[in-house]
Each structure stands twice: as structure tokens, then as C-alpha cells.
Amino acid sequence: VADHGEGLGEHDELTHSFYVYDSTMHVPLIFVLPETIAARQRIAQPVRTADIAPTVLELAGLPPMEAVQGVSLAPLLTGDAAAPRADVYGESFEALAMFGSNVLRFLRRDQWKYIHKSKPQLFDLSEDPGELHDLADAHPELVAQLRRDLTDWVLRERIEHDEDRARLDDATLAQLQALGYMGEGAPSGFDEATDLAALHPPDPVDRLGAMERYARGVGALKAKLMDAALLHFEYLVERNPDSLPFVRGLISALEGDALLERGPELLERAKALAPDNPKYFIRAAEVHGDLGDRERAERELEQALVIDACHAAARVVYAEMLREWGRIGDQIALLEQGIEQCDDDINFRNDLAYILATAADAEHRAGPRALALARKVVAESELERPDYLDTLACAWAESGNFRKAVRHATRALELIQSREVEDDILAEYR
């Protein structure tokens, strides 16, 4: 299965995530299970990626999951029975985040596909798979019915399954962001019911030029073509000063002295647009720290922790700044507080163990406690992580067992060398 298609110019979309046409929403789904699923059969009935997990569990003879939106396709694949036909739903938050449009949504029922926006669209995919001929004006009653059904489905599913949502921690979110798997989310104060009921401009189709330039700007950032990225985001922010994705892109494109000069003002704008997002306060703290304003940097980080006391990045960055400023006691207290308030957070324990093992002054060193913390972190970690092994190596060294310290440090180095790590980072660790 694929996660999404790619526009490649269809509907004037170069990449994906902006629109909800089939060029990006319709993906292949292939099952291979010899002696259970007949080879080379092709199923035209629309199904959903939400159906994959229930299907795999049934084919594997495992109990079904509770509180899921998908249904098992196993009867359809094995020929035992027809799978129940279900509406297919999809959405994109990009236009909402960029321009204040509605969430862009669609509902597929049999051959009909309804796109929910200020200028609704309706396509008959059996006759028009490329979605080139909008039939909304020709079928107003069908549009109205599909709009009602989409609204009812979203409100029902959001309410019924809200408690079943996975809550991702900051580290997981950061990993997904780095891999490019985090799209735009709802802005502060977003209300789903109001968004569904009150369709308003701008229509995403009318903002094609800005979306295309944004895609090029993001591409330039990923390719580290900062001058090109800067041109794109300067243009976008000048014309859309209240668009958080564009402001964020411009901040990312700034480097060196330019960031120190313009970063504070742009970060104030980002904080105003997303007052409940700690990451802009963290970034502001880093910029003010680089400018030498420790008091302002500390205020920014304290505010980030007011927003979310267990935001891992906020507490870790704050702790690192306290270390740089020589306030080791305050750093230890900050991490201790995080462990106490945040369900014994493994990252805070790891950072605390490292400080207790490596503090420059004997007053703050505590080898036995550092070792106990570090051993527990490594034992509980789902993956073998070089940073955790590095801390454990330091704790063993502080406790006087250099043989085990070298062994764990060597293993950490092996893990680092197996990854694409810049030479200067590798040399520093070695």
C-alpha cells in the first residue's frame, strides 16, 4: 500500500497534501497470501486504508481490535462474501492552516465523489476518473445529500472515537516531522462543527499559485538551497502575513546574522498565531540565547513549560541552557521536576543521569544514582539508542567500572557509525 499519490501536475498540483483529488488520494492496495487469496484478482470496489489493520488481523486469525473505524476486507479477498460497501472519507488541513479556508474534505460513495469546500465539486468517477468535469451544478440534490452525510459522519466519528485516538509524544512527533510525515493540523481555537457548517472563501483552488510556491519553498529547504527558500517565503509572507506555515517557512530559511536580526520579530508573530504551541517559544529562547539575552531566553522557556509542563523539547533545551550558564543545581532541579510531574519521563531520566555522571564539580556528581537511572533507561528503551548507551557508559565510568564503560561506549559508537552522521559529530563522539 502507498501512503499517498503524487500530483505531478494533475489539477496543477506538483506534489501532494494540498488537494484531495484521486491523483493523490487513490493508492494501490495489494494483498499476497498464497492458498488463501486467489492470485491476480482485481477488486474495483473502493476500500479504505483504515480497513487494512482489521483485514490483516482476520487473515492472521487474531482477535479484532476494538473501537476502530475500518472493517475487515477478508471476506472480499477470499471470495467468501462481499465486503460491506462503505463511504470513503479523506481530508487535508493545508488550506485551513495557510489561508484560513475550511478543512478540505471529500466523501466517495460508489461512483460519486463530493469535495466539500466553498465551491463544492462533484465527480462521477465511473465516467470521469480524472475528475475533470465538475457536475455539482447539474446535481444539486445529490450534492446537498452528500454534504449532509459527510457532516454527520465526521461529527459522529470525531465524537465516538475521540477517546480512542493515539496521543503521540514529542519525540515521536519530531521523528515524524523529520521524515516528512506531519502535515498541517488545526489552528488554535479550531471548531470542527463550525468548520463543517460554514463554508467560506478562499477556495483552495483559488490559491493555487501560493500553494505551488510553498511546495517549491519547502523543497528548497529540504535541499538546503536557503537562498531560493528565502525568496519563496519572503514573497509568501509579504502577501499572507498571518499564515503560520509561511511565517514558519521564512524563519527556517533564515540563517546566521539574518536569523538573529529578523528572528525575534517573526517568532513573535508565530507565537501570536499559535499561542498554545511551545515550539515557537523554544525557538525564540534559542534566538535570544544566541543574542546573549539570557533573561529573555529563560522567560520564553518558562512560558513554554506553562503551556505544557511535560513538553520534552522545552525542558531539555532549558536544562541544556542552564548547563551552559553554569547553573548545574538549577538544571538538576528542572529535570527532577520533570521526572516527578511527567510520569517518570525516560528522556528526563537519561538527561539527569548524564549530568549526575559528568558534572564538572564533585558537589553535583552522584555516581550510584546516575548508574541506577541509566541502567533503568537502557532496560526500558524499546530500541537500542546510542545516547542512552553513552549515558550508561558515563555512569559506569563515574562509578569506577571502566571496563563496562568502554564496552557501552564502543557499542554506542558502533550504532552511530551505522547511521548517516556528519563527520564532525562522529569525530567528536569518538
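The protein chain of this predicted model has an average pLDDT of 91, and 95% of its residues score at least 70; pLDDT is the predictor's confidence in each residue, on a scale from 0 to 100. Helices (H or I, at least four residues) and strands (E, at least two) are DSSP runs numbered from the N terminus. Where pLDDT is low, the predicted coordinates should not be read in detail. Local features need pLDDT of at least 70 and side-chain atom pairs count only at pLDDT 80 or more, while totals for chains, interfaces and linings use all residues. Residues are numbered from 1 along each chain as its sequence is written, and side-chain values use heavy atoms, with hydrogens and water left out.

One disulfide was counted, taken as a pair of cysteine sulfur atoms within 2.5 Å. It joins Cys310 to Cys342, with an S to S distance of 2.1 Å. The torsion about the S-S bond of Cys310 and Cys342 is about -95°, so the disulfide is left-handed. Cys310 lies in the loop between helix H13 (294-307) and helix H14 (312-324), and Cys342 in the loop between helix H15 (328-341) and helix H16 (346-358), so the pair ties together parts that are 32 residues apart in sequence. Cys310 is partly exposed at 31% relative accessibility, whereas Cys342 is buried at 7%; buried means under 20% relative accessible area, exposed over 50%, and partly exposed in between (1.4 Å probe, protein chains only). Cys394 is also buried, with a relative accessible area of 19%.

The second largest pocket has a volume of about 210 Å³. On a 1 Å grid over the protein atoms alone, a pocket is an open set of points with protein on both sides within 12 Å along at least five of seven lines, and lining residues have an atom within 4 Å of a point. A volume is the space filled by probe spheres set on the points, which are joined across faces, edges and corners. Helix H10 (244-253) and helix H12 (278-290) each give two or more residues to the lining of this pocket, with the largest share, five residues, coming from H12. The lining includes Arg248, Leu267, Tyr280 and Ala313.

Gln417 is found in helix H19 (residues 402-417) and is partly exposed, at 41% relative accessible area. Gln417 touches Leu426 and Arg430, not counting residues up to four places away in sequence; contact means heavy atoms within 4.5 Å.

Notes: On a 1 Å grid over the protein atoms alone, a cavity is a set of points where a 1.4 Å probe fits but cannot get out, and a pocket is an open set with protein on both sides within 12 Å along at least five of seven lines; lining residues have an atom within 4 Å of a point.
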